[in-house]
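User: I would like to go through the terms used for this model one by one. For each, please set the value against the criterion and then conclude.

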Amino acid sequence: MRQANQERALAILSPLAVVVVWQVASDMGAIDLRYVPSPASIASAGWDLATSGRLALDIGATLRRLVIGFALGAVPGIALGMVMGLNRWVRAAVDPLISALYPIPKIAILPLLMMAFRLGDGSKVAVVAMSVLFLTVINTMTGVVQLDRIYFDVAHNYRTPWYKLFLRVILPGALPTVFAGLRISLGVSLVVLVSAEFVASDRGIGALIWASWQTLVVENMFVGIIVITVLGVLSTLFLHEVERLLVPWRRD
């Protein structure tokens, strides 16, 4: 317990130490404030954006696209990955398609999605869903394929109904790998979404960063970067909590 508390304290104090050193270096003139503003000036810019209402609108737009796109990619990705892991014929037919489409940078097909969905949320949601889909399929399929075959043999010997086999053996056994894929997908989807908002949106954190670059308001750019960092950390913590509840034997 004592060691765990020390680790938590270190995890909190280390970022604070970086901010303090950053502020001191800025005050001493060791950092060029034209490119890297001080934490105090970034906090002031963030406060101005928050009180004006702009920051809340941008965060809301990014979160809406992220949640919808993540759900649209993760749910069918898990389902397809399960089927591919359980059926070798489906795996043989679909795996080459996944291997061919997965390496394509999803941001590269954004112009095609913009043609199909225009400049609204549809194109951003679609590019997030595609980013999540392939990673989720691959990790889910891997989790199912790597299950020890002895569990299936035992279930067959006891004539276990298929739905019980799925709920008590296949799904629990694959969940750790599924969540690993979801965490990776979440990080990738944030990167892709912000990149899409650079060029195809007037709302969102990516749009805020891009507009700040165009007007050379560096403080606002850093506000956007910090917000993306916080969103990534909080969303990852959320997935960790969900995994802790659904996969209790992995709490260590």
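Analyst: Buried means under 20% relative accessible area, and exposed means over 50%. The model is a predicted one. In helix α9 (residues 205–214), Ile205, Gly206, Ala207, Leu208, Ile209 and Ser212 are buried.

User: What makes Ser212 count as buried or exposed?

Analyst: Ser212 has a relative accessible area of 3%. The cut-off for buried is under 20%, so Ser212 is buried. Ser212 lies in helix α9. Leaving aside neighbours within four places in sequence, Ser212 is in contact with Val217, Asn220 and Met221.

User: What covers the buried residues of α9?

Analyst: The cover includes α2 (39–52), α3 (54–86), α8 and α10 (218–246).

User: How do you know whether Leu216 is buried or exposed?

Analyst: The relative accessible area of Leu216 is 70%. Exposed requires over 50%, so Leu216 is exposed.

User: Is Val67 buried or exposed, and on what value?

Analyst: Val67, in helix α3, has a relative accessible area of 53%. The limit for exposed is over 50%, and Val67 is therefore exposed. The C-alpha atoms of Val67 and Asp153 are separated by 39 Å; these two residues are 86 apart along the chain.

User: Why is Ser123 called buried?

Analyst: Its relative accessibility is 0%. Buried means under 20%, so Ser123 counts as buried. The place of Ser123 is in helix α6 (residues 121–145). Apart from neighbours within four places in sequence, Ser123 is in contact with Leu110, Leu113, Met114, Phe117 and Arg118.

User: Which values describe how α6 and α8 are arranged, and why are these two helices called roughly antiparallel?

Analyst: Two packed helices are described by the angle between their axes and the distance between the axes. For α6 and α8 (residues 162–200), the axes come within 7 Å and cross at roughly 160 degrees. Angles over 145 degrees count as roughly antiparallel, and therefore α6 and α8 are roughly antiparallel to each other. α6 passes α8 in a right-handed crossing. By class, the contact of α6 with α8 has 15 nonpolar, nine polar and two charged residues.

User: What makes α3 roughly parallel to α6?

Analyst: The axes of α3 and α6 come within 6 Å and cross at roughly 30 degrees. Angles under 35 degrees count as roughly parallel, so α3 is roughly parallel to α6. The crossing of α3 past α6 is right-handed. The contact of α3 with α6 has 20 nonpolar, seven polar and four charged residues.

User: What makes a set of residues a nonpolar core, and how many residues does the largest one have?

Analyst: A nonpolar core is a set of buried Ala, Val, Leu, Ile, Met, Phe, Trp, Tyr and Cys residues joined through side-chain atoms within 4.5 Å. The largest such core has 45 residues. Those with the most contacts inside this core are Phe70, Ile170, Leu182 and Val223. Helices α2, α3, α5 (110–117), α6, α7 (149–157), α8, α9 and α10 each supply at least two residues of this core. The largest share, 15 residues, comes from α8.

User: Which residues is Ile170 in contact with, beyond its neighbours within four places in sequence?

Analyst: Ile170 is in contact with Met82, Leu86, Val144, Leu147, Phe152 and Leu165.

User: How many helices and strands does the chain have, and what share of its residues is buried?

Analyst: The secondary structure comes to 10 helices and zero strands, which read along the sequence as α-α-α-α-α-α-α-α-α-α. Buried residues make up 37% of the 252 residues in the chain. Along its principal axes, the C-alpha trace spans about 75 × 55 × 30 Å.

User: What share of the contacts between residues at least 6 apart in sequence joins residues at least 24 apart?

Analyst: The share of these contacts in the chain is 73%.

Terms used
Residues are numbered from 1 along each chain as its sequence is written. This is a predicted model: local features need pLDDT of at least 70, side-chain atom pairs count only at pLDDT 80 or more; totals for chains, interfaces and linings use all residues. Side-chain values use heavy atoms; hydrogens and water are left out. Helices (H or I, at least four residues) and strands (E, at least two) are DSSP runs, numbered from the N terminus. Buried means under 20% relative accessible area, exposed over 50%, partly exposed in between (1.4 Å probe, protein chains only). Contact means heavy atoms within 4.5 Å. Axes are lines fitted to C-alpha atoms, for helices over the stretch in contact, and angles run from 0 to 180 degrees between N-to-C directions. Angles under 35 degrees count as roughly parallel, over 145 as roughly antiparallel, 65 to 115 as roughly perpendicular and the rest as oblique. A crossing is left-handed if the near helix is turned anticlockwise from the far one by less than a right angle, and right-handed if clockwise. Ala, Val, Leu, Ile, Met, Phe, Trp, Tyr, Cys and Pro count as nonpolar, Asp, Glu, Lys and Arg as charged, and the others, Gly among them, as polar.
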